[in-house]
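Hi everyone, thanks for coming.

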Amino acid sequence: MPAPASPDLNELRAFCAAAELGTVGRAAVRLHVSQPALSKRLGALERKVGARLLDRSPHGVTLTPAGRRLYGHARTLVETADRVGEVMLGIRDAHQVVRLAASHSAAEAFAAAMLAGLRDREITVELVTANSMVVRGLVADGRADLGIAASRPGHSPDQGLRETALADDAIVCAVPPGHPWVKHAAVTTERFLSTPMVVRDPSSNARWTVDAVLAAGGMEAAAPLAEEATPRAAIAEARAQRAPVLLSRHIVAQTDFVPIGIAGLAFPRSFVLVLPAYGEPAGDVRELVDLIHEHVRIWLR
């Protein structure tokens, strides 16, 4: 009886990715190889097995009965290999510089304060602040180890990322002390829509959250009084112009601005932790993930 063929992890990884994503092209993108190279791995695996594992069609690939039989065992082996690799990476990169990307709102609300408290720990964090969309791109491209971003309700998930909830948030309207609206707990929708305000730049999640809610209701706000790249700049501009501003409620809570309700309107969102879709964080990255969750838990008390 011939000895069984030794499994090749690259071939098994290619097989699992193709089965899970439904096309050879998507699997090649996930594994960062060319489509011909991935097809070659699949062909080599099928020759070792002696059976066709994937049915191919113009619409993609599906598992054959033989492929279904192999898939569960292959997935277990690949996951075990990944865990071993993560342990090896964690050992090699102990006390590495951890690259954290955070949205402007998350950084100003809690992330910067959290990092300031790490000075007595043996962990070094490099913080990059950007809009939430850029944060996701940095993590997806491997230029950041993890990210903190604002949620994107209704958007298709990025297959290269996974997100877990950190804290509820909402974009609120607020005014500086002495503004006429301070005398009222809320304003009408009509008053809100007709009043020029200080807002974030068009690529920010804060701006997108408000615009999405208004668009869903067939509404449109007045042209902005000013557009600012960061929450801090928006607060300064609103204070200078004695005007309403639209920002995260957690940012507003750190100022002397007064939140103003809007009859019939709310702009909910949340902060999420962004990680690569595959593999588990190890070493200092794992430690930072735990610290973020712990800091947010205490911060929300």
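Let me start with a question: which residue in β5 is the bridge partner of leucine 100? It is leucine 146. Before going on, a word on where this comes from: the model is predicted, so local features need pLDDT of at least 70 and side-chain atom pairs count only at pLDDT 80 or more, while totals for chains, interfaces and linings use all residues. Residues are numbered from 1 along each chain as its sequence is written, and side-chain values use heavy atoms, with hydrogens and water left out.

Now, the strands. Helices (H or I, at least four residues) and strands (E, at least two) are DSSP runs, numbered from the N terminus. Strand β3, residues 97-103, is joined to strand β5, residues 146-150, by three bridges, and the two run parallel. Two strands pair if DSSP finds at least two bridges between them. In β4, valine 125 stands opposite valine 98.

Is β3 mostly covered or uncovered? Mostly covered: five of its seven residues are buried. Buried means under 20% relative accessible area, exposed over 50%, and partly exposed in between, using a 1.4 Å probe and protein chains only.

Next, please find serine 132, which sits in helix α6, residues 132-140. Serine 132 is buried, at 3% relative accessible area. Leaving out residues up to four places away in sequence, serine 132 touches Ser103, Ala149, Ala150 and Asn205. A contact here means heavy atoms within 4.5 Å.

Let's move to a pair of helices. The axes of α2 (residues 24-31) and α3 (residues 35-49) come within 9 Å and cross at roughly 105°. These axes are lines fitted to C-alpha atoms, for helices over the stretch in contact, with angles from 0 to 180 degrees between N-to-C directions. α2 and α3 are therefore roughly perpendicular, a label for angles of 65 to 115 degrees; under 35 is roughly parallel, over 145 roughly antiparallel, and the rest oblique. On the α2 side, the contact is made by Val24, Gly25, Ala27, Ala28 and Leu31, and on the α3 side by Gln35, Leu38, Ser39 and Leu42.

Last stop: the loop between α2 and α3, where you'll find histidine 32. Histidine 32 has a positive phi of about 60°, although it is not a glycine. Is histidine 32 buried or exposed? At 72% relative accessibility, histidine 32 counts as exposed.
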